[in-house]
Amino acid sequence: MTVGNLLKDLNITKKDFPYLLILIIFASLITAKVIAHNMTIHIRSDGIIYLINALFYAGLNENIQNTWTMFLSPVICFLTGMLLKLGLGRESIFIVTGIFDLLAYISMYILLKYRFNKLLSMFGSVLFGSFSLVLTNWADGTIDVPVVTVSIWVIIFLILAVHENPKYYLITLPLLTIAIFTKYSAFFMVPLVLLYYLSINDFFNVVDSFFNDRSLFKKKAKEYLQSDEFKCIALGVIIAVVLFALFCLLITSYGGGLLFTTQISDSMGGFNQGHYVKDKFYNDTGNFYVSNLTNIFYFTTLDIFNVNLSSIILALLVVSAAIHIITCLINIEFLRELLRSKKGFLNRNFDKFLKILIIIFAAIFIYGYVFNHILANIALLTIMVIILSFLDKLDISKKFYSMNFLMLAWFLVYLIFYSKINIKMGRYLISTLPAVVYFILWAVEAIFATVQNGFNYGESFKKYLVINPNFKFSDTSKGTILKIILIISIALLMVYSFSYETEETFTIHTNDELDELCNYLMVHDPDYGSKTIASYNSYCSRYCEWCLHKDVILNKTLDRVPTEDYIISMHPEKYPNYRLVYKTDTVYLYGKV
């Protein structure tokens, strides 16, 4: 498995390098710009938690006893800790998440290039980075974009393992573990991996042979157990399990608990327990994301002829769907012939059994969507596997439909999961964006192909189904115009992305003033590490804990009598038996008399 072989399997040639270079330079510029901006404003609450966790990995946690958050994103926290060891400050978390975000551009291009041409893939990569959801969370210390980056690579190597070389399972499965410990929502990549594997290794064909031709089943089972694919999967699973265990050991070695197991069980109830209900992002509206999709995928200031790009994208999807419907209608006779020539199961009644299963699992899906997202997703993926079994009997390219099913499953699995849990934030749906971009390109390709070549009919339609060739721009004026449209679209998205300004919706605290106050305390009280420190402000509490490398208690009860040695406040206060020790313009330090 050499680099040359990898690039060949990825469908990456020397002609792709200029596109990749442009993406790397552009993404680097955005990342540098955003990090510089983020250094002047508050750090997101999640980012401060990861910084505090990183202190443990950097060996700077001598005065921190609270370890309950250590289970959160050990991948990001460990890498941030390495930068802290080198002497960097709070910019460490921005740099680490920024590198992952930068890699998202490259990852999207490589994923899309496996299915689309170079210019379309570049458009899709830039489009992914232009969503307001992505730009708002770019290099800001949150992990929603980084986990998508790792997840994309999981899918890339999964596709290569299935279609090119089973040795890629040795990368896919360990990488899946890394994705999970980047953000635990990546657990939902596991059923996607299974779905794509089963799209090639037809599960229900195996079931059919087991019940109706036991000798054939034994022969195929023996052949499979001796195959390179099985050996690579088995070894990949072993490596992934060992890596999973090492991550768990890493978390527990720093005093953290494996609380992600509790989160998984809590999610099955929709995060509906009492302490979640108090969360400001608690929302038990099941159709929240579905009814707000156009708002969530909104491009804040990107309007073309007074129409927002999100509405244009929706129109493209509708037009593409219409094109596919018309194409099927004008090729109805060929489709009928294709269905008549399909291969049968060993048992003639097995297809009836599968159709009954679809009805049963459709009912389970409806029930699960109302009451349990795990049940809904299991039913959904089972229905997809059954449909794939039927498609496997047709004389069409598996590449034609398997990747479409994978992307559809990617979108629906995460949409269902986030719809059914009651903690809702727009940025959670970043996990669905690779699939959204894929189908946008699928729509654009269909429209471009129709404009350039007309509707697929007869032999061209058959070639489309059987060979599934990538769309290529023609040398005609139509092809040139379509290229220009796409290049202008890429340039427009780049300008929009680079000029994008985050809309701050939280109170911005001056980190420099908190740094100044903490430095004063460390200099004027060398024994501060043994003192108790509290704050009534959650941001102040977390930031000062990171800055002082020491526990800072958050006291939310304003009317209680304070007992701590020091109190850090964002407002001037009068505490009995306390005196003002130090103050800046907006931050106050009180010490016990």
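Two strands count as paired if DSSP finds at least two bridges between them. Strands here are DSSP runs of E with at least two residues, helices are runs of H or I with at least four, and both are numbered from the N terminus.

What you have above is a predicted model, so local features are kept only at pLDDT of at least 70 and side-chain atom pairs only at pLDDT 80 or more, while totals for chains, interfaces and linings use all residues. Residues are numbered from 1 along each chain as its sequence is written, and side-chain values use heavy atoms, with hydrogens and water left out.

**The sheet**

Let's start with the strands. Five of them make an open sheet with mixed pairing, in the order E4-E3-E5-E7-E6. E4 and E6 sit at the edges, each pairing on one side only. E6 and strand E7 (residues 588-592) run antiparallel to each other over 5 bridges.

Asn577 lies in the loop between strand E5 (566-569) and strand E6 (578-583), and its phi is near 70°, a positive value in a residue other than glycine. His549 is another case, with phi near 55°, in the loop between helix H27 (538-548) and strand E4 (553-554). For background, most residues other than glycine have a negative phi.

**Buried or exposed**

The cut-offs on relative accessible area are under 20% for buried and over 50% for exposed, with partly exposed in between (1.4 Å probe, protein chains only).

| Residue | Relative accessible area | Class |
|---|---|---|
| Cys544 | 0% | buried |
| Glu229 | 15% | buried |
| Cys328 | 34% | partly exposed |
| Asn577 | 61% | exposed |

As for the cysteines, the disulfide count is 0, taking a disulfide as a pair of cysteine sulfur atoms within 2.5 Å. Cys544 is in no disulfide, and its nearest cysteine sulfur, that of Cys518, is 3.8 Å away.

Glu229 belongs to helix H13 (residues 228-253). Its side chain makes a polar contact with the side chain of Asn201 at 3.5 Å. A polar contact here is a pair of N or O atoms within 3.5 Å; within protein, one must be able to donate a hydrogen and the other to accept it, and residues adjacent in sequence count only if both atoms are side-chain atoms. Leaving aside neighbours within four places in sequence, Glu229 is in contact (heavy atoms within 4.5 Å) with Pro166, Tyr169, Tyr197, Asn201 and Tyr224.

**Helices and cores**

The expected span of a helix is 1.5 Å times one less than its number of residues. The buried residues of H26 include Leu514, Leu517, Cys518 and Leu521. Among the elements covering the buried residues of H26 are strand E3 (533-535), H27 and E5. Helix H8 (residues 144-163), with 20 residues, should span 28 Å, which agrees with the 29 Å between its end C-alpha atoms. H8 is mostly covered, with 18 of its 20 residues buried.

A nonpolar core is a set of buried Ala, Val, Leu, Ile, Met, Phe, Trp, Tyr and Cys residues joined through side-chain atoms within 4.5 Å. The largest one has 177 residues, and Leu127, Ile155, Met407, Trp410 and Trp546 touch the most other members. Apart from it lies another core of 6 residues, including Tyr575, Tyr578, Tyr588 and Tyr590.
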